[in-house]
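Me: I've got a model open and I'm new to this. Can you walk me through how its helices pack?
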Amino acid sequence: MHVPTTVPVLIVGGGPVGLTLSNLLSWYGVDHLLVEARPGTSRHPKARGVSARSMEIFRRCGLEDAVRGAALPASQVFFYRGRDLVDPDFVRSGVAHDASDGGGSTPSPGVICSQDVLEPVLLGRARELAADRIRFGTRLLSCTQDEEGVRAVLEERADGERHTVRAEWLVGCDGAASTVRAGAGIGMDGPTGLGHFPQRPLRGAARRGGGRPGERVVLPHSTRAGRFHGGGQRPPLDLPVPLRPRSPAWG
Ligand SMILES: Cc1cc2nc3c(=O)[nH]c(=O)nc-3n(C[C@H](O)[C@H](O)[C@H](O)COP(=O)(O)OP(=O)(O)OC[C@H]3O[C@@H](n4cnc5c(N)ncnc54)[C@H](O)[C@@H]3O)c2cc1C
């Protein structure tokens, strides 16, 4: 695929922020190039809550329906709060179903749409609007700024081929360990490691059970295994694993 030697805007990073920016720039008719180091979108759920403000931005560039369609149905999303995952005194709350149901201050209430589901939606539309400008498997190696703009060196993941691109603007959407931030000489201060987020994908043998459909709660079993109602169209699962937190990292 041809890599332009000059481009008005170079976006580094094809996560939710970079892909949303590509959609917005295409919407406004601004030529750009997006490079993403990974060969594909995230396999990990990571961010799940898409805020009302994000949905308003998606609404502006015609993406709201697609994102809402990919998200868990609001009628089947509940939040569980308890001392641990088998607390009998748990509290359960839902989210707004639509603008007239508790989300009245916005036409676009937030949704639960995890990053591994959201990114393909954003990427699909970005490619519809600017197919030859979205390059996965290409990473930024370095960038320098001069009076005319930015000079960026890119590298193809597949064969190591390098390209030099001049851009009027370079936008760093390359996450927490940003090469762009480092290239711009922007440091970080303050404490790090403020929290831990355990993620435990639940795959493998699971027995389908009864229960109310679409809940997102874990109920105690005598074995300390749990019943997980995953929402969406998925049936509830009886899980043959202990679900009580086993490490301080869960705190
Ligand atoms: C376990 C977990 C749970 C989370 N839960 C939530 C949540 O519920 N709600 C929420 O809002 N947020 C949540 N987050 C945070 C959320 O994932 C991030 O805020 C979000 O991913 C930031 O999006 P981004 O596009 O800025 O960066 P990223 O998603 O990190 O994307 C940056 C992209 O840049 C690419 N990149 C990096 N360097 C280069 C380079 N040199 N060249 C080219 N590409 C490069 C990376 O491959 C990556 O794809 C969670 C994060 C984790 C880890």
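Reply: Start with one pair. α1 and α4 are roughly parallel to each other. Bear in mind that this is a predicted model.

Me: Why do α1 and α4 count as roughly parallel?
Reply: Their axes cross at roughly 30 degrees. Angles under 35 degrees count as roughly parallel, so α1 and α4 get that label.

Me: And within what distance do the axes come?
Reply: The axes of α1 and α4 come within 9 Å.

Me: Which hand is the crossing? Left or right?
Reply: Left-handed, as α1 passes α4.

Me: Which residues make the contact?
Reply: From α1, they are Pro16, Leu19, Thr20, Ser22, Asn23 and Ser26. From α4, the list includes Leu118, Leu122, Ala126 and Leu129. Gln115, Glu119 and Arg125 of α4 take part too.

Me: Is α1 mostly covered or mostly open?
Reply: Mostly covered. Nine of its twelve residues are buried. Among them are Gly18, Leu21 and Leu25.

Me: What covers them?
Reply: Several elements do. The cover for the buried residues of α1 includes the helices α2 and α4. It also includes the strands β1, β2, β7 and β10.

Me: What comes after α1?
Reply: Gly29 follows the helix. Its phi is positive, near 75 degrees.

Me: Switching topic. How many helices and strands are in the chain?
Reply: Five helices and 14 strands. The chain has 251 residues, and 27% of them count as buried.

Me: What about the largest nonpolar core? Which residues touch the most other members?
Reply: Leu10, Val12, Val67, Ala152 and Leu170 do, out of 38 residues in that core. α4 gives the largest share, five residues. Other elements that give two or more include α1, β1, β8 and β9.

Me: Pick Ala152. What does it touch?
Reply: Leaving out residues up to four places away in sequence, Ala152 touches Leu10, Leu140, Cys143, Val165, Ala167 and Leu170.

Me: What share of contacts in the chain join residues at least 24 apart?
Reply: 62%, counting contacts between residues at least 6 apart in sequence.

How values were computed: Residues numbered from 1 in each chain as written. Predicted model: local features only at pLDDT ≥ 70, side-chain atom pairs only at ≥ 80, totals over all residues. Buried ≥ 20, exposed ≤ 12 C-beta atoms within 10 Å, placed from the backbone. Helix = DSSP H or I, 4+ residues; strand = E, 2+ residues; numbered from the N terminus. Contact = placed C-beta atoms within 7 Å. Core = buried A, V, L, I, M, F, W, Y, C linked by C-beta atoms within 7 Å. Axes fitted to C-alpha atoms, helices over the stretch in contact; angles between N-to-C directions. Parallel < 35°, antiparallel > 145°, perpendicular 65-115°, else oblique. Left-handed = near helix turned anticlockwise from the far one by under 90°.
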